[in-house]
Amino acid sequence: MSSKVGKVIKCRAAVAWEAGKPLVIEEVEVAPPQRGEVRLKILYNSLCRTDVYWWEAKGQNPLFPRILGHEAAGIVESIGEGVTDLKPGDHALPVFTGECGECAHCKSDESNLCELLRINTDRGVMLNDGKTRFSKNGQPIYHFVGTSTFSEYTVVHAGCVAKINPAAPLDKVCVLSCGFCTGFGATVNVAKPKPDSSFAVFGLGAVGLAAAEGARLSGVSRIIGVDLVPNRFEEAKKFGVTDFVNPKDHNKPVQQIIAEMTNGGVDRAVECTGNIQASIAAFECVHDGWGVAVLVGVPKKDAEFKTHPMNFLDGRTLKGTFFGNYKPRTDLPSVVEKCMNKELEVEKFITHSIPFSEINKAFEYMLKGEGIRCLIRMEE
C-alpha cells in the first residue's frame, strides 16, 4: 500500500452495502486529505452500539453504501493543507464530534458542542467540498459521523483528531473515542457524585459500566445497576455495582423501588439507554432536595419527557451531556495519560478480540448481548 502524501491509497474496508446485511470486506480507494483534513491509518477498532443502530437503519434515514466505525485508534499517515497541530506519525484517536477551537462553544469552558464539528449522523460527505474520500470502481462510498474507521485508512477533519502519547497502548485506549468517555464523563464531569453517596445507573452496557466506574472511582458507596438483562449483573460487579434491579421483576415503577431501597432516593443517577421511560425513572428516583439525574442515552425523535413539575420544585436537578462533556482535542490526551498511569482500567471493557476479516462476528456478539466491547484488530 502506498502511503505517500497526496496519493490515493487502496486498502481494505468493511462496507455496509445495505441495511442489516453483513459487511463486505472490499478493496476501496481512499483519496488524500484536503485542506483541514487528516488521513489516518487505523490500527484498532472497537464496536459500539451506535454502529449497529445505524447499520440496522430502523427508523433513521438510511444512507448506503457506507463505511461505519467511530471508536478507534491509529496513526496520522498524511495531512492536508492548513493542518498545523498534527504531523505524519502522530498517534491519535478519531472522534465522532470535534473541536474547531474557534466557535462560541469551543471557547466556552461550559460546552463541548462545537458548532462546526458536532456529530451529524445524516451527513455522509466531508465538510470541505461535500464529497466522499472513499470510492470503489468510481462509485462513492459514504462516510459515517465523520470518522468511518472500519477501513484501514480513513480521512477525518483535523478538528476531530486527538493527538495522544505515542507510548499509549492503542488496543486499549481506542475505547476512549466514544463509549468510555461518554459514560465516565457523565459521572465525573456532570453528575459529580460525592464520596460515600448513592448512585443509580440505568443500562449496563459499555456506557453504563463506564458511568459506574466513574462512580466507583469517586468513592460512591452504593451503586445500583438497572437493566433488563440479568446476565449483565455479574459482570457489572467488576465496575463497582453493588445492587441490581431488573424492572421486569417488580410490579411497580422502578423509581419507586429505588426510592424504597435508599430511604427516599439516590443522590445521583445516570441514564444510558435512551429509553424515555428509563430517562423519566432516572430523574424521579433521585432524592428530593439535592438529587441530580444525568441523561446520556439518545431517545427516539418523537419521545416526550413527562414528569410532574413538583419534582423540580422539590429540588431535583435534570442534566444532559454529550460525550461526557469532554472536549476531544483538549481533554482526551489527559484521559489517555490516566490510563497509562493505571488510574483508569479501560482494558476491563474489552471482552472479545477478533481480526478485521471477521468483523461481522463483532456485530453478532453485540446483537446477542455478549460481552462489553469487541476489539477489532486491523492488522492480522
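A nonpolar core is a set of buried Ala, Val, Leu, Ile, Met, Phe, Trp, Tyr and Cys residues joined through side-chain atoms within 4.5 Å. The legends below apply that term to a predicted model.

**View 1. The largest nonpolar core has 104 residues.** Six of them touch the most other members: Phe150, Val173, Leu176, Phe180, Val270 and Ile376. Helix H5, residues 206–217, gives the most to this core, with 7 residues. Domain 1 (9–42 + 87–160 + 171–178 + 325–377) and domain 2 (180–322) both contribute residues, so the core lies between them.

**View 2. Leu176 and its contacts.** Contacts up to four places away in sequence are not counted here. In soluble globular proteins, nonpolar side chains tend to be buried together.

View 3. A disulfide is a covalent bond between the sulfur atoms of two cysteines. The cut-off is a sulfur pair within 2.5 Å, and the count comes to 0 disulfides. Take Cys103: the closest cysteine sulfur is in Cys106, at 3.6 Å, too far for a bond. Cys103 counts as buried, at 10% relative accessibility. For Cys285, the closest cysteine sulfur is in Cys272, 12 Å away, again too far for a bond. Cys285 is buried too, with a relative accessible area of 0%.

**View 4. The buried residues of helix H11, residues 359–368.** Which residues of H11 are buried? They are Ile359, Ala362, Phe363 and Met366. These cover an arc of only 100° around the axis, which puts them on the same side of H11. An α-helix has 3.6 residues a turn, so residues three or four places apart point the same way. What covers the buried residues of H11 includes strand S1 (9–15), strand S2 (24–30) and helix H1 (49–56). Strand S16 (350–355) and strand S17 (373–377) are also part of that cover. Gly369 follows H11, and its phi is positive, near 70°.

**View 5. Residues 206–337, as listed by UniProt.** The unreviewed UniProt entry gives this span as "domain: Alcohol dehydrogenase-like C-terminal". How far apart are the end C-alpha atoms of residues 206–337? They lie 21 Å apart. The span is 36% helix and 15% strand.

Notes: Residues are numbered from 1 along each chain as its sequence is written. This is a predicted model: local features need pLDDT of at least 70, side-chain atom pairs count only at pLDDT 80 or more; totals for chains, interfaces and linings use all residues. Side-chain values use heavy atoms; hydrogens and water are left out. Buried means under 20% relative accessible area, exposed over 50%, partly exposed in between (1.4 Å probe, protein chains only). Helices (H or I, at least four residues) and strands (E, at least two) are DSSP runs, numbered from the N terminus. Domain bounds come from an automatic or database domain assignment. Contact means heavy atoms within 4.5 Å. The arc is that of the directions from the helix axis to the C-beta atoms. UniProt positions are given in the numbering used here, feature names are shortened, and annotations may be inferred rather than shown by experiment.
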